[in-house]
Amino acid sequence: MDSYDVIVIGMGVGGEEVAGQCAEAGLNVLGVEKNLAGGECPYWGCIPSKMMVRAATALAEAGRVNELAGSSRTTPDWRPVADRVRDATANWDDTAAIERFEKKGGSFLRGAARLVSPTEIEVAGRRFSAARGIVIASGGAPAVPPIEGIDTVDVWTNREAIEATELPVSAVVLGAGPVGLELAQTFHRFGCEITIVEMGDHALPAEEPENGEAMGKVIEADGMKLFTAISADKFASVDGGVEVSLSDGSSVAAERLLVATGRRSDLESVGVRDAGLEPKGGAIQVDEHCRAAPGIWAVGDVTGRGGFTHVAVYQGRIAAADIIGRDHAPADYTAVPRVTFTDPEVAGVGMTEAEARDRGLKTKPGVAKTSSSTRGWIHGPGAEHGVIKLIADAEAGVLVGGSVMGPPAGEIIGFLGLAIREKIPVANLTQLIYPYPTFVRGLEDALRELG
Ligand SMILES: Cc1cc2nc3c(=O)[nH]c(=O)nc-3n(C[C@H](O)[C@H](O)[C@H](O)COP(=O)(O)OP(=O)(O)OC[C@H]3O[C@@H](n4cnc5c(N)ncnc54)[C@H](O)[C@@H]3O)c2cc1C
C-alpha cells in the first residue's frame with residue numbers, strides 16, 4: 001500500500017486549494033480526481049457561464065443604444081461564445097491544472113476514490129493510506145428530479161448548456177435559481193425562446209421576495225415566459241422536442257429541456273459511512289476548522305455551506321492551515337456573499353429578512369429602489385428594476401443581511417459583507433461619505449429607512 005501524509009478526494013476548487021497548500025508546505029500529498037482537475041467552476045460552472053453572460057450582456061447593451069444614443073443592430077452569433085469557452089477550458093483539458101499542482105510538489109492520480117476506513121482509500125483496486133489526514137472535496141453534480149417521463153427526454157444540465165456549439169430554437173428551463181436564470185437570459189439574448197418553470201413563489205427563491213419579483217419583471221420585459229408557484233409534473237418526448245405538463249393543468253413544449261434544479265453530492269459513492277461519517281441533509285457536517293472527524297476534513301459543496309467557489313476556497317485555506325498546524329481563524333459564515341450574474345445582477349449577503357426572523361431576531365428592513373438613486377436614474381435602461389434591502393437587528397443596531405439588485409450588484413455586496421461581518425453599527429454606516437453619483441450610494445437611501 002502506498003502511503004502519503006495527506007490524501008485529497010476530488011480536485012475541484014476546494015480540493016486544489018487544500019492539496020496545493022499542503023504540498024507547498026512540504027507534505028507528501030496525493031490528489032485524486034475522477035474527472036477534470038479544477039472541477040465544475042472552470043469547466044462547466046462559474047467561468048464559462050460568466051463568459052456567456054458577458055456576451056449576452058454586450059448584446060443587451062448594444063440594444064440599449066436605440067434608447068440612449070442613436071440606433072444599433074446586432075446579429076447574435078453563438079460561435080464566438082462557444083469558441084471562447086473552448087479556449088478558456090482548453091477544450092476541457094486539465095493538463096495545466098495538473099502541472100500546477102505537481103510543481104507545488106503534489107502527486108496526482110486520475111480515478112474515483114472511495115474511503116475504505118478513516119485513514120485509507122481505494123482507487124481502481126489500489127489502496128492508499130494517509131498518515132495525517134484525508135480531505136473529502138468531491139463536490140456535487142446536477143440534481144435531475146425524478147419526475148415522470150424525465151428519462152424519456154433528452155435532458156440538458158449546465159454541462160450540456162456550457163458545451164453547446166449551437167443553441168436550441170426554444171427551451172423550457174426548470175428552476176429559476178441563479179444557474180437557471182443566467183443560462184436562460186443568455187440563451188434568450190441569442191434568440192432562443194425561453195419558458196421558465198419555478199416551484200417557488202418568485203424567481204430566485206433563495207433571495208428576498210422583493211428582488212425575486214423585480215427579477216420577474218426583468219424576465220417579462222426581456223420577452224421570456226416565467227411560471228412561478230407551478231411545478232412540472234410530467235415530461236413527454238414529442239416530435240421536435242419535449243412537452244412539459246404543469247401542475248396548473250397547462251403544458252409547454254420546446255426543443256430542449258434545461259434542468260437547473262440544484263446540485264447533489266453523491267456521498268455514498270465516496271464511502272463516507274465506511275469512514276464512520278454520518279451525513280445530514282446530504283452534506284458532511286464539519287466544525288469551524290472543516291474537520292468532519294479525527295483525521296478527516298471536508299471542504300466545498302459537500303459541506304452544504306452555500307455551493308460557491310469562494311466558500312470552497314475559503315474552507316480549503318482553513319482545512320490546509322489546520323492540517324499543516326498553522327494558526328488560523330475559525331470559519332465564520334455570517335457574511336457569505338451570493339451573486340446571480342444576470343443583467344441586472346442580484347446579490348445578497350448574510351440573512352434574508354425571513355431567515356433573520358426565523359432565528360428570533362427583532363428585524364428592521366430598510367428598502368430603496370435602485371432606480372430611485374441618482375445613478376440608477378442616470379443609467380436608465382438596464383437599471384429600471386431592482387431593490388436594495390437591508391436587514392438590521394433592531395436591538396443590536398447592526399446589519400445582519402442585505403441584498404442589492406442593479407448592474408454592479410456583485411461589486412457592491414462586498415461592502416455590505418464587511419459591514420455585517422464586522423458588525424459596524426448602522427449609525428456609523430450612515431455617517432460614511434458615499435461617492436456621488438454611484439450605485440453604492442443607493443445604500444444611503446435604504447440606511448436612512450433604518451433610522
Ligand atoms: C453553471 C454554474 C455556474 C456557477 N457559477 C458560480 C459563480 O459564479 N460563483 C461561484 O462562487 N460559484 C458558482 N458555481 C458553483 C461552483 O462551481 C461550486 O460551488 C464549486 O465548483 C464547488 O467546488 P468543490 O471543489 O466543492 O466541488 P467541484 O467543483 O464539484 O469539484 C469536485 C471534484 O471532485 C471530483 N470527484 C467527485 N467524486 C470523486 C471521487 N470519488 N474520486 C475522485 N474525484 C471525485 C469531481 O470530479 C470534481 O472534479 C456555479 C456552478 C454552476 C453549475
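The legends below describe close-up views of a predicted model.

**View 1. The packing of helix H3 against helix H7.** Helix H3 (residues 46-68) packs with H7 at an angle of about 45°, and the axes of the two helices are 9 Å apart. Because of this angle, H3 is oblique to H7. The crossing of H3 and H7 is left-handed. On the H3 side the contact involves Ser49, Met52, Val53, Ala56, Leu59 and Ala60, which meet Glu182, Leu183, Gln185, Thr186 and Arg189 on the H7 side. By residue class, the contact of H3 with H7 consists of six nonpolar, three polar and two charged residues.

**View 2. The packing of helix H3 against helix H4.** H3 also packs with helix H4 (residues 79-88), here at an angle of about 150° and with the axes 10 Å apart. An angle over 145 degrees counts as roughly antiparallel, and therefore H3 is roughly antiparallel to H4. H3 passes H4 in a right-handed crossing. The residues that make the contact are Ile47, Pro48, Met51, Met52 and Ala55 from H3, together with Val81, Arg84, Val85 and Ala88 from H4. Of the residues in the contact of H3 with H4, eight are nonpolar, none is polar and one is charged. Met52 of H3 takes part in this contact and is also among the residues of H3 that meet H7.

**View 3. The packing of helix H1 against helix H10.** The axes of H1 and H10 come within 8 Å and cross at roughly 30°, and this angle is why H1 is described as roughly parallel to H10. The crossing, in which H1 passes H10, is right-handed. H1 contributes Val13, Gly14, Glu17, Val18, Gln21 and Cys22 to the contact, while H10 contributes Thr309, Ala312, Val313, Gln315, Gly316, Arg317, Ala319, Ala320, Ile323 and Ile324. The contact of H1 with H10 divides into nine nonpolar, five polar and two charged residues.

**View 4. The three-stranded antiparallel sheet.** An open sheet is formed by three strands in the order E12-E13-E14, with antiparallel pairing. Strand E12 (232-238) and strand E14 (251-254) are the edge strands, each of which pairs on one side only. When direction is ignored, neighbouring strands of this sheet are turned by 20° against each other on average. E12 pairs with strand E13 (residues 241-246) in the antiparallel sense over six bridges, and Leu246 in E13 is the bridge partner of Ala232.

View 5. Most residues other than glycine have a negative phi, and most peptide bonds are trans. Asp343 and Pro344, however, are joined by a cis peptide bond with omega of about 5°, and Pro344 lies in the loop between strand E19 (337-340) and strand E20 (345-350). A cis peptide bond also joins Tyr436 and Pro437, where omega is about -10°; Pro437 is placed in the loop between helix H14 (426-431) and helix H15 (442-450). Asn91, although not a glycine, has a positive phi of about 55°, and Asn91 lies in the loop between H4 and helix H5 (95-103).

Methods
Residues are numbered from 1 along each chain as its sequence is written. This is a predicted model: local features need pLDDT of at least 70, side-chain atom pairs count only at pLDDT 80 or more; totals for chains, interfaces and linings use all residues. Axes are lines fitted to C-alpha atoms, for helices over the stretch in contact, and angles run from 0 to 180 degrees between N-to-C directions. Helices (H or I, at least four residues) and strands (E, at least two) are DSSP runs, numbered from the N terminus. Angles under 35 degrees count as roughly parallel, over 145 as roughly antiparallel, 65 to 115 as roughly perpendicular and the rest as oblique. A crossing is left-handed if the near helix is turned anticlockwise from the far one by less than a right angle, and right-handed if clockwise. Two residues are in contact if their C-beta atoms, placed from the backbone, lie within 7 Å. Ala, Val, Leu, Ile, Met, Phe, Trp, Tyr, Cys and Pro count as nonpolar, Asp, Glu, Lys and Arg as charged, and the others, Gly among them, as polar. Two strands pair if DSSP finds at least two bridges between them.
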